[in-house]
Amino acid sequence: MTTSTPAGVTNAASDAVQAPRRNLPRLYLTEARFEFLKLLRLPGYSVSVLAFPVMFYALFGALFGGYAVQGISTAKYMVVGYSAAGVLAASLFGFGVGVASERGQGWLRLKRVSPMPPLAYFFAKVVMALLFSTLVVLVLTLLGAVLQGVRFEAGTWLRMYGALMLGVLPFASLGLAFGYLFGPNSAPMVLNLIYTPAAFASGLWIPLTVMPPLLQKIAEFLPTYHFAQFALSQAGAEPVGSGLTHVLVLAITTVVCLGLAVWAYFRDEGKTYG
Amino acid sequence: MTDTRAATMDRSPATDPAEPVAELVEATKRYGAVTALDRVSLRAMPGEVLAVLGPNGAGKTTAVSLMLGLARPTSGRARLFGADPRSAGSRMRIGTMLQVSGVPATLTVREHLTAFATYYPAPLGVDGAIAIAGLEGVANRLYGKLSGGQQQRLHFALAIVGDPDALFLDEPTTGLDAASRRAFWNHVREYLGGRRSVILTTHYLEEADALADKVVVLDQGKVVAYGTPTEVKARAAGRKVRAVTRLSTAEASALAGVRSVERSGAVTTMLSTDSDATVRALLAADPRMSGLEVTGAGLEEAFLSLTSGTGGDDGEGNAAAGPRGRGGGRDSYAATGRTEP
């Protein structure tokens, strides 16, 4: 035991001074870049998030673009609605299916024993969802302008964009909770069972005004409805309900879903490791 | 700040030679009614390759999970570099190869390694890891397009890319054929160069023999043997000679073939590599001894269950692949020991 020789002390001291450190900003950015690339190359994700809203818009925009709803053209309404659907899909599936499959394959275990800061994993997924959401909004804005002559004032567009990006928080949290609650095989199905009816019943695809009154009543209980209405109000549509209510519903959804995710995380830990 | 190559030269003073890299102290782990580990103590010292050997379900993966901080012991404790295994400081000094069924398929070898390299303060570098793991030809290939052996080598590359002080390899060659397995051992040996610590779990005695300095054999959650591969093999081949004798422990140890002696009340138990010689010597030294009993050592039974476990794998392999002679000869390792690849 030669623990405290003078040489050892100097060595330890110089070690402390020169101890190399990780470049944390680079770590987080690298993680985010590869998370985005990983899903961009995964057709199951990139096609359903990007291509479906584009196809729907091209089709339904051409058929029903000429009407008016909430004081704006249906062509404009659909730019907002399909953008909202794209944000919902990017967040819900990016987190839900991603976490469920990476957990099921043991990849998450390897990440957990690595020195990766756990926050980097979630940061990367949030950035990925924001990037895909931004792509959807940009493509639909362009499509609306080219196909239907939809115009936004710069300030209005930015407000709409901001409102749409706000949706990443609650729906990524919801996806996260489902990623821990369900296995890799059932998660995509369960998420589709939520996504499709929610998008439809919240007026993301077809304006609620053409739907039966009962459905319109139900919509008010859906966070996706408040998300769409908040984005629409920022895009220049006549507001339905107060903006404060919309934001509050989205905030509560985020908190509840994160709580559920934490609970599901520990429940999963218990199941796997006693 | 990002250029940290120089720091890797100075690794040895950071590791206190007297401090275990990883250890379990009287660690018990229960999952409901099942006891996966039962008061297991083991330690890996710096520069040492420790193999945790045992059949499926022996508690190997549980032992590693405790040392890695993936699970908490029900009682006892687990340490990594003398600290809580969950601490970031400990984790920056280890690289891990776990049994994973999937790595994200749509990133390339290089991209996966680039991401992992950023987790460490003084990484080996992506190209270095690619070279050591033998992935040069496929560096820009997506993970999903790699062969099984190449995927396994990427898992190894992910473990070493941070240039860690210690490696955890959990059943690293499960599912590989005999040739890939040997190639993998060569990569590991070349990389280690005697400077790094490894905790390896395996159910192949051959693998422990090829890589390990020390072997700990687990069976049903308990340590049944510990020593160098040679010692463990010798003990595995031995028998227990039990008798009531007036010989002292020291006298009994001196008998032919006896490796160790235990005394419990009037009964003396000798572990012998040559039970015939031991019994003759015992009778000569103490003609009045009684209650003679010769049995297979516990370890031998452990190895029987071991080899029957791997024998099952082999049976399948042989049935599918015909006379794959080299792999099929594994059963003989328990008796004959090392065969050079």
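Predicted model: local features only at pLDDT ≥ 70, side-chain atom pairs only at ≥ 80, totals over all residues.
Which residues in H6(B) are buried?

**View 1. Helix H6 of chain B, residues 178-192.** The helix has 15 residues and reaches 21 Å from its first C-alpha to its last, which is close to the 21 Å expected at 1.5 Å a residue. H6(B) is followed by B:Gly193, a residue whose phi is positive, near 55 degrees.

**View 2. The buried and exposed residues of H6(B).** B:Arg181, B:Phe184 and B:Val188 are the buried residues here. Seen down the axis of H6(B), its buried residues fall within an arc of 60 degrees, so they line one face of the helix. An α-helix has 3.6 residues a turn, and therefore residues three or four places apart point the same way. On the face turned away from the buried side, H6(B) carries the exposed residues B:Asn186 and B:Glu190.

**View 3. Packing of H6(B) against other helices of chain B.** The buried residues of H6(B) pack against helix H5 (148-160) and helix H7 (205-211) of chain B.

**View 4. The side of chain B that touches chain A.** In this contact, 37 residues of chain B meet 29 residues of chain A. Strand E1 (22-31), helix H1 (60-68), helix H2 (88-91) and helix H3 (109-117) of chain B are the elements that give two or more residues to this side, and H3(B) gives the most, with four residues. Grouped by class, the side of chain B that touches chain A has 22 nonpolar, 10 polar and five charged residues.

Note on methods: Residues numbered from 1 in each chain as written. Chains lettered and ligands numbered in written order. Contact = placed C-beta atoms within 7 Å. Nonpolar A, V, L, I, M, F, W, Y, C, P; charged D, E, K, R; others polar. Expected span 1.5 Å × (residues − 1). Buried ≥ 20, exposed ≤ 12 C-beta atoms within 10 Å, placed from the backbone. Arc of directions from axis to C-beta.
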